Amino acid sequence: MTKSELPYLSAKNIVKDFGDNRVLDDVSIDIHSGDVISIIGPSGAGKSTFLRCINLLETPTTGVLSIGDFQISIGEGHKKASKKELSTLRRNAGMVFQSFNLFPHLTVLENISLAQRRVLGRDKEEARARSMELLDRVGLKDKADQYPGRCSGGQQQRVAIARSLSLDPLVMLFDEPTSALDPEVGAEILAVMRELADDGMTMMVVTHEMGFAKEVGDRVYVMVDGRIVESGPPAQVMSEPEHPRTKQFLSAVLGR
């Protein structure tokens, strides 16, 4: 996959207020096809809220979102997103959460197949074939008939990744996908994400895994108090940060 000159995903001037509390303050990010973007910063900076706004799990107070050919403006003077628009947006932007959000009463295979049948209209056999292909990709083909409760946390997160990929999204959004896992299991998830990046998947990753951000990401954005305070190539931002809050954050997490 070659990287396009035009942004694949664009979030412009995103503002999110919860009552009188401004959680996101004029945040803008462009991602090109095949890019891996990492968003880092202290807890409470608004990173997860920003990802949820892109997927419209949280509705921004104002802003413009574009994914592929789909664009929506939000705020005063604009109509609320329709169900069809929400469906299109969420199909184009697959999301993997900190928690796995799998249906416990469905098998691993059924968890991955269900959305394909409901959203994409695939028949049972087509959905099954695609699900098995993705389970093989994340190393869980032998778990197809297991229920999530019989799988480890790392396995459940890999199922969640396969489920998001099953809708053939343009962009994958990862919200700290390893934070609920111990380091060894988290490394398994990061390995899957590295493979996706190597295959050209366009990804936005909110992460506290500095090694991943530095080695896999094309660009790092530092978010503090609801604003992007610094961005650039990972090696530059992490080795020679310019903003005082970036220096303070990296000093704390890298121990330097």
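**Figure 1. Salt bridges across the predicted model.** Ten salt bridges are counted in the chain, which is shown here as a predicted model. Four residues, Arg-122, Arg-130, Glu-133 and Asp-168, are joined in a network of such bridges.

**Figure 2. Close-up of the Arg-130 and Glu-133 pair in helix α4.** The side chains of Arg-130 and Glu-133 form a salt bridge, with an N to O distance of 2.7 Å. Both residues belong to helix α4 and are three residues apart, about one turn of the helix. The cut-off for a buried residue is under 20% relative accessible area.

**Figure 3. Close-up of the Asp-199 and Arg-137 pair.** A salt bridge joins Asp-199 to Arg-137, and their closest N and O atoms are 3.0 Å apart. Asp-199 is found in the loop between α6 and β8, while Arg-137 is part of helix α4; the pair therefore ties together parts that are 62 residues apart in sequence. Asp-199 counts as exposed, with 51% relative accessibility. Arg-137 is partly exposed, with a relative accessible area of 36%.

Figure 4. Helix α1 spans residues 47–54, and six of its eight residues are buried, so the helix is largely enclosed by the rest of the structure. The buried positions are Lys-47, Thr-49, Phe-50, Leu-51, Cys-53 and Ile-54. Arg-52 is partly exposed, with a relative accessible area of 28%. This arginine forms a salt bridge with Glu-58, in which the closest N and O atoms are 3.9 Å apart. Glu-58 is likewise partly exposed, at 21% relative accessibility. Just after α1, Leu-56 adopts a positive phi of about 60°.

**Figure 5. Close-up of the largest nonpolar core.** In soluble globular proteins, nonpolar side chains tend to be buried together. The largest nonpolar core of this model comprises 34 residues, and those with the most contacts inside it are Ile-161, Met-172, Phe-174, Met-193, Met-203 and Phe-212. Two or more residues are contributed by each of α3 (108–120), α4 (124–137), α5 (153–165), β7 (171–175), α6 (183–198) and β8 (202–206). Helix α6 gives the most, with seven residues. Which residues does Met-193 contact, leaving aside its neighbours within four places in sequence? Its partners are Phe-174, Pro-177, Met-203, Val-205 and Phe-212. Another core, of 30 residues, lies apart from this one and includes Cys-53, Ile-54, Ile-67 and Met-223.

**Figure 6. The whole chain, as context for the close-up views.** Nine helices and ten strands are present in the chain. The radius of gyration is 18 Å, close to the 18 Å that the globule rule gives for 256 residues, so the chain is as compact as a globular protein of that length. Taken along the principal axes, the C-alpha atoms fill a box of roughly 55 × 50 × 40 Å. Of the 256 residues, 51% are buried. Among contacts with a separation of 6 or more, 65% are between residues 24 or more positions apart. The chain exposes about 12400 Å², of which carbon and sulfur atoms supply 45%.

Conventions
Residues are numbered from 1 along each chain as its sequence is written. This is a predicted model: local features need pLDDT of at least 70, side-chain atom pairs count only at pLDDT 80 or more; totals for chains, interfaces and linings use all residues. Side-chain values use heavy atoms; hydrogens and water are left out. Buried means under 20% relative accessible area, exposed over 50%, partly exposed in between (1.4 Å probe, protein chains only). Helices (H or I, at least four residues) and strands (E, at least two) are DSSP runs, numbered from the N terminus. A nonpolar core is a set of buried Ala, Val, Leu, Ile, Met, Phe, Trp, Tyr and Cys residues joined through side-chain atoms within 4.5 Å. Contact means heavy atoms within 4.5 Å. The radius of gyration is taken over C-alpha atoms; the globule rule is 2.2 Å times the number of residues to the power 0.38. Accessible areas come from the Shrake-Rupley method with a 1.4 Å probe; for residues, only the protein chains shown count as cover.
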